[in-house]
Amino acid sequence: MNDIPSTPGKFKSTLYTPRFRFPRVTLYTLLFLTFVFFIHFFLSPPSTTAPRRGLRDSGWDNQVKGSAKTRSRDNHVVLVTGACGFVGAHAAASLKKRGDGVVGIDNFNNYYDVRLKKMRKLHLLDKNGVFVIDADINDVPILKKVFGLVRFTHVLHLAAQAGVRYAMVNPDSYIKSNIDGFVNLLEIVKSLNPQPAVVWASSSSVYGLNTKVPFSEKDRTDQPASLYAATKKAGEEIAHTYNHIYGLSITGLRFFTVYGPWGRPDMAYFFFTKDILKRRTISIFEGPEHATVARDFTYIDDIVKGCLSAIDTAKKSTGSGGKKKGEAQFRIINLGNTSPVSVNKLVSILEKLLKVKAKKKVVLMPRNGDVPFTHANISLARKELGYRPTTDLETGLKKFVKWYLDYYGGKKKSSY
Ligand SMILES: O=C(O)[C@H]1O[C@H](OP(=O)(O)OP(=O)(O)OC[C@H]2O[C@@H](n3ccc(=O)[nH]c3=O)[C@H](O)[C@@H]2O)[C@H](O)[C@@H](O)[C@H]1O
């Protein structure tokens, strides 16, 4: 009976009920803020610059998952970094064509013509259903998001700052991509469960001033001639550390001067072609005492076969969540052509294919990171990967020139 109010409207209770009243000013402020919030939320136009590319893109997750779907019995799901680079685009397309799940990532930097990277994406990747995330490998949140969306079995790490001579112009970019970026990627990969196996691009340039030919993986690689080479060599040591501490399965492939259709415009065979067609003088390097400068030019299709086979023969990583559970595979393998060709010969093949006589000047090789000679011993690649390069320079350049003329044929007035 005690609870029945004695007077209508009043509760007689022993419980203390605080009577709270907003001060008038606070109430008005709250009402005003709520009004502003609703106006902003419902009426403001959608932002055109997401705070971090991709993270707020609602279509992105599904595209990544779709692209990662595998049709092969091996169930390989591969993240390809540098997917719109020369080797990356070809490798990602080949993986997808054979039924692997493939997701690409590329930062589309402007080291060379970005349009070429976009055209590789269009012609080699979009066409084959490879989705490419526009992001840098130093972007931790993006990488974490991608690895959270998809359980990759392999990472084919081809993103890098390439080119030996440019290292004197922009040294920082080599550290950012080839060291920071690589470590960043490995840091994330090592903490995954399960950890994917890593296959990545090292370089013939690690042989530096080595004079013992052909270059074998056992030869010394402690005399780099360029910062590019030094960062690739550092990459090999870093890879070893992550293999040793965390049980990551890692294969480093030492590529020897890769060339072919959709190639890199900073490479000699590419800009020689352009300059010969434009009747500009090209410089042919020679060593001291007129020594011939030569390269073990390797055709892109052979390199791609080597990459795919490295993925297929990669053993599983043994660690998980950052803890090593046993010894893991660690490999470093040359991917070359085993038949060096002089730069002079390269030019004479181009002259024949282009039907234009080159204007040449022979100059002493500048001290800018170049080495006089490369020649791969590929015994290990044969044994480990069943690698057998089949394209000689003349055949490969023929395919390159055909592509070049098709690609640039319609762009006569552009300044490519
Ligand atoms: O195997 C690698 O790991 C590297 O291969 C490639 O480097 P390189 O083998 O040096 O190719 P590239 O520059 O095309 O010069 C070819 C030849 O032309 C000579 N050369 C060059 C320029 C010039 O003006 N004149 C000239 O004679 C020059 O002296 C050389 O003999 C990649 O760029 C590099 O990123 C890396 O992947």
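Why does R279 count as exposed? R279 counts as exposed because 10 C-beta neighbours lie inside 10 Å; a residue is exposed if 12 or fewer other C-beta atoms, placed from the backbone, lie within 10 Å of its own, buried if 20 or more do, and partly exposed in between. The structure is a predicted model, in which local features need pLDDT of at least 70 and side-chain atom pairs count only at pLDDT 80 or more, while totals for chains, interfaces and linings use all residues. Residues are numbered from 1 along each chain as its sequence is written.

**View 1. The whole protein.** The protein contains twelve helices and 13 strands; helices (H or I, at least four residues) and strands (E, at least two) are DSSP runs numbered from the N terminus. Of its 416 residues, 41% count as buried. An unreviewed UniProt entry annotates residues 79-399 as "domain: NAD(P)-binding"; such annotations may be inferred rather than shown by experiment. This span is 39% helix and 17% strand, and its end C-alpha atoms lie 28 Å apart.

**View 2. The shell around the ligand.** The ligand is surrounded by 19 residues, of which A162, S203, M267, A268 and F285 are the closest; a residue is near a molecule if its C-beta atom, placed from the backbone, lies within 6 Å of it. Eleven residues of the shell are nonpolar, six polar and two charged. Here Ala, Val, Leu, Ile, Met, Phe, Trp, Tyr, Cys and Pro count as nonpolar, Asp, Glu, Lys and Arg as charged, and the others, Gly among them, as polar. Strand 8 (residues 281-286) gives the largest share of the shell, three residues.

View 3. Ten of the twelve residues of helix 3 are buried, among them F86, H90 and A92. A92, V199 and C307 have the most contacts inside the largest nonpolar core, which has 103 residues. A nonpolar core is a set of buried Ala, Val, Leu, Ile, Met, Phe, Trp, Tyr and Cys residues joined through C-beta atoms within 7 Å. Beyond four places in sequence, A92 touches V80, A83, V102, G104, L125 and V130; contact requires C-beta atoms, placed from the backbone, within 7 Å.

**View 4. Helix 9.** Helix 9 (residues 300-313) reaches 20 Å from its first C-alpha to its last, close to the 20 Å expected for its 14 residues. Ten of these 14 residues are buried, including D302, K305 and C307.

**View 5. The loop at G247.** G247 lies between helix 7 (227-246) and strand 6 (250-255), and counts as buried because 22 C-beta neighbours lie inside 10 Å. G247 and S320 are 73 residues apart in sequence, yet their C-alpha atoms are 8.1 Å apart in space.

**View 6. Backbone geometry in loops.** Most residues other than glycine have a negative phi, and most peptide bonds are trans. R279, in the loop between helix 8 (268-277) and strand 8, has a positive phi of about 60 degrees. F108 has a positive phi near 45 degrees and counts as partly exposed, with 14 C-beta neighbours inside 10 Å. The peptide bond from N193 to P194 is cis, with omega near 5 degrees.

Notes. Two residues are in contact if their C-beta atoms, placed from the backbone, lie within 7 Å. The expected span of a helix is 1.5 Å times one less than its number of residues.
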